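Please keep the sequence and the structure in view while reading.

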Amino acid sequence: MENQTDDRKYIAQIALILEALGKEVEVYPEDWEKRPEGAEYLNRTGVVLVRDEDVTRVVELFQGGRPAEGGIGGVTRLLLPDKVPPEAPEDRSLTQRFLQYADLRLGRGVVTPEHLFYVCPSVSPCPATEPEEVPPGVPPDPAVPTPFLPAGAADGRGVKVVVLDVGWSDAPAAYWLNGVTGDPENAFDGAGRIRPYAGHGTFIAGVLRSIARNVEVMVKSYFTTAGAIWEFDLAQALDEVLDLAPDIISLSAGTRTRFDLPPLGLDVFVKTRLDRINGLTLVAAAGNESTRDYFWPAAFPETVGVGALADNGRDRASFSNFGGWVDVYAPGSNLVNAFLTGDYECTEPPNTGQLRSFQGMARWSGTSFATPLVAGLIAGRMSITGENAKQAADALLAFALTQPEPGTGPVLRAGDALNSLP
């Protein structure tokens, strides 16, 4: 990974999270600003996660602790006691001291931090850039198909995609979004300006409809605090989304984790929920840190992890994470699609304070946007073949392996829903 602490943009992204969450959040390591590799992850203060079957022995070890409400069966959010056992290490925060103590006595992974997951620019960013203005009349890229598609078109008809994001802002000028539904987002601040992170779900819905013109899209609003959500709450949100009976879940969010272990809350969801629903597929962004470190949930073998291609459609985008855990790369640089209408003040160097005016469209980059492109391809293929999402995803990934790019890996592009057919 690049030296992130030399990147003023990186520092600004973490500052936004810290400002929004205050003492509720910790950055690990505590001296991250002095380290070339920067922060490893963000976690919740005074809280750990434990599998349900381990709660009793962990509470005994910690000589206290109180389970919190909510979440999903199989994992418990444990509120830590105020006093650390005497044998615990002395040189870390309260939360880290309990974690280290559990490692020593029970082994790694029995007790884990509650990680913070993001759809926003931050320590594990999904958008690689802030939204940029486009001149009036610039069309979407990828291009939107005509609404009057011939029979046999890969239009996603009959397929449902649920997007977990910041919410949905209706964009009447973007005709291709007609029929998209979702939870309204709080997109504007007190001064009437577009908030950081706002419009992310709308842009994603636009990319989906650019690939699969008639796919059913629902955008849910879960990442409502600084574009972030705690791991325990994300597991619960994913569990709730199952009630909507989606074929595909599109998640342009994630994080790195302590020791690169699978995040416990999502591991339980994947193993006990996702894997038990025939044909359901989770498509997730690989992240934008330009590192091969695991980024979750994209790194789960059961998900489709999506990296981003550069403008030339061949090279890996400089910001995209990479490695054998990334399943496929797709266009994710300088995409153009539906956005909000209003003024936006940049928060990241070197453009901090710059005012940008949007008229319902924007240019944006990130694995956040390569993800719905792949989800749209899966939906498009399903509408032609009658396959379920898992079958269509497997077929597309197999096709991607037939057209790898040197130094990048397997790739998919707009149009490959049809190209992948025999």
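The notes below begin with the whole chain and then turn to selected strands, helices and residues.

The model is predicted. The protein chain contains nine helices and 15 strands. Of its 422 residues, 60% are buried.

**The chain as a whole**

- Along the principal axes, the C-alpha atoms of the protein chain fill a box of roughly 70 × 50 × 40 Å.
- A compact globule with 422 residues would have a radius of gyration near 22 Å, and the value of 21 Å for the protein chain agrees with this.
- Among the contacts with a separation of 6 or more in the protein chain, 73% are between residues 24 or more positions apart.
- The protein chain has an accessible surface of about 16,300 Å², and carbon and sulfur atoms account for 49% of that surface.

**Strand 10 and its partners**

- Strand 10 covers residues 248-251. Its residues Ile 248 and Ser 250 point one way, while Ile 249 and Leu 251 point the other way, and all are buried.
- Strand 6, residues 160-165, runs parallel to strand 10 and is joined to it by four bridges.
- Strand 11, residues 281-285, also pairs with strand 10 in the parallel sense, over four bridges.
- Leu 251 illustrates both pairings: Leu 164 stands opposite Leu 251, and in strand 11 its bridge partner is Ala 284.
- Between strand 10 and strand 11 the chain passes through helix 6, residues 264-272, and this β-α-β crossover is right-handed.

- Helix 2 spans residues 55-62, and its residues Val 55, Val 58, Leu 61 and Phe 62 are buried.
- Viewed down the axis of helix 2, the buried residues fall within an arc of 130°, and therefore they line one face of the helix.
- Thr 56 and Glu 60, on the other side of helix 2, are exposed.
- The cover over the buried residues of helix 2 includes strand 2 (41-51), strand 3 (66-67) and strand 4 (75-79). It also includes helix 3 (94-106) and strand 5 (111-118).
- Gln 63 follows helix 2 and has a positive phi, near 55°.

**Thr 202 in helix 4**

- Thr 202 is located in helix 4, which comprises residues 200-211.
- Is Thr 202 buried or exposed? Its relative accessible area is 0%, so Thr 202 is buried, the cut-off for this class being under 20%.
- Apart from neighbours within four places in sequence, Thr 202 is in contact with Gly 167, Trp 168, Ser 169, Leu 177, Glu 185 and Ala 338.

**Ala 370 in helix 7**

- Ala 370 belongs to helix 7, which comprises residues 367-385.
- Why does Ala 370 count as buried? Ala 370 counts as buried because its relative accessibility is 0%.
- Which residues does Ala 370 touch, when those up to four places away in sequence are not counted? They are Val 306, Gly 307, Ala 308, Ala 330, Pro 331 and Gly 332.
- Ala 370 and Ile 204 are 166 residues apart in sequence, yet their C-alpha atoms are 9.1 Å apart in space.

Note on methods. Residues numbered from 1 in each chain as written. Predicted model: local features only at pLDDT ≥ 70, side-chain atom pairs only at ≥ 80, totals over all residues. Heavy atoms only, no water. Buried < 20%, exposed > 50% of the residue type's maximum accessible area, 1.4 Å probe, protein only. Helix = DSSP H or I, 4+ residues; strand = E, 2+ residues; numbered from the N terminus. Pairing = 2+ DSSP bridges. Right-handed = clockwise from strand over helix to strand, strands pointing away. Arc of directions from axis to C-beta. Contact = heavy atoms within 4.5 Å. Rg over C-alpha atoms; globule rule 2.2 N^0.38 Å. Areas by Shrake-Rupley, 256 points an atom, 1.4 Å probe, with all protein chains shown as cover.
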